[in-house]
Amino acid sequence: MELQGTGAARWGYLQGDPTEEQVNAHPPRSPSKQAGTPSLDEIVERNIQSMVERRKQEEDAVTKHQGAASAIARFIGSFGFIYAHLVLFGGWILANTVGLPGIPMFDPELVLVATFAAIEAIFLTTLVLINQNRMSATADKRAELDLQISLLTEHEVTRMLHLVSAMAERLKVHSAVDEEIEELKQDVAAADVLDKIEHADGGGGEPSNENPLRQP
């Protein structure tokens, strides 16, 4: 019997193959999607490898004297250094005060041990300072990197606020923080923020508003 009426079958909507419709419901991915963007694990692994390579480059740039100072500084900060000094100075003091079998009293007034300790303190302090200076230089580089990334992130967020604000304006969407968004859409003046912090640390009160913290 012929199908009548004004249904979908009469107008030809059911003439296609249902299997074909199911296949076409999921169009093929574009070449960019087929290639795929890197996953979060891949990005983390890439960043770790980059930092490891950078650390190896910094270690290769260390001179022999700096490497020796770092090795000695690591030994100074270990329990082995404490145990070695307990044995050395403890035996020295016992041998020259109480007396130990087979060891003569070579420093009864403990003048030599005091001189040895003073000279050792001078060298150890110098080695520790050398190691701290190198670590401080490395920390300054990483702090500068963090600052640059933070400024770049702030700039990107500001550009995103411009985009979102334009979309909201086109869609006629309003919120209670529109006035704050207009201020947040400006880039932060890092130098002015630093001046404000230094002025506050100096106890000079609030600085003038001649240099705003945000710049267009």
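How accessible is R159: buried, partly exposed or exposed? I looked this up first, and R159 counts as partly exposed at 36% relative accessibility; buried means under 20% relative accessible area, exposed over 50%, and partly exposed in between (1.4 Å probe, protein chains only).

I note that this is a predicted model, in which local features need pLDDT of at least 70 and side-chain atom pairs count only at pLDDT 80 or more, while totals for chains, interfaces and linings use all residues. Residues are numbered from 1 along each chain as its sequence is written, and side-chain values use heavy atoms, with hydrogens and water left out.

**Salt bridges**

I found two salt bridges in the structure (a side-chain nitrogen of Lys or Arg within 4 Å of a carboxyl oxygen of Asp or Glu). One joins R159 and D187, whose closest N and O atoms are 3.7 Å apart. R159 lies in helix α6 and D187 in strand β1 (residues 187-188), so the pair ties together parts 28 residues apart in sequence. I recorded helices (H or I, at least four residues) and strands (E, at least two) as DSSP runs, numbered from the N terminus. D187 counts as buried, at 15% relative accessibility.

The side chains of E58 and R54 also meet in a salt bridge, at 3.9 Å from N to O. Both residues lie in helix α3, four residues apart, about one turn of the helix. I listed E58 as partly exposed at 25% relative accessibility, and R54 as partly exposed with a relative accessible area of 47%.
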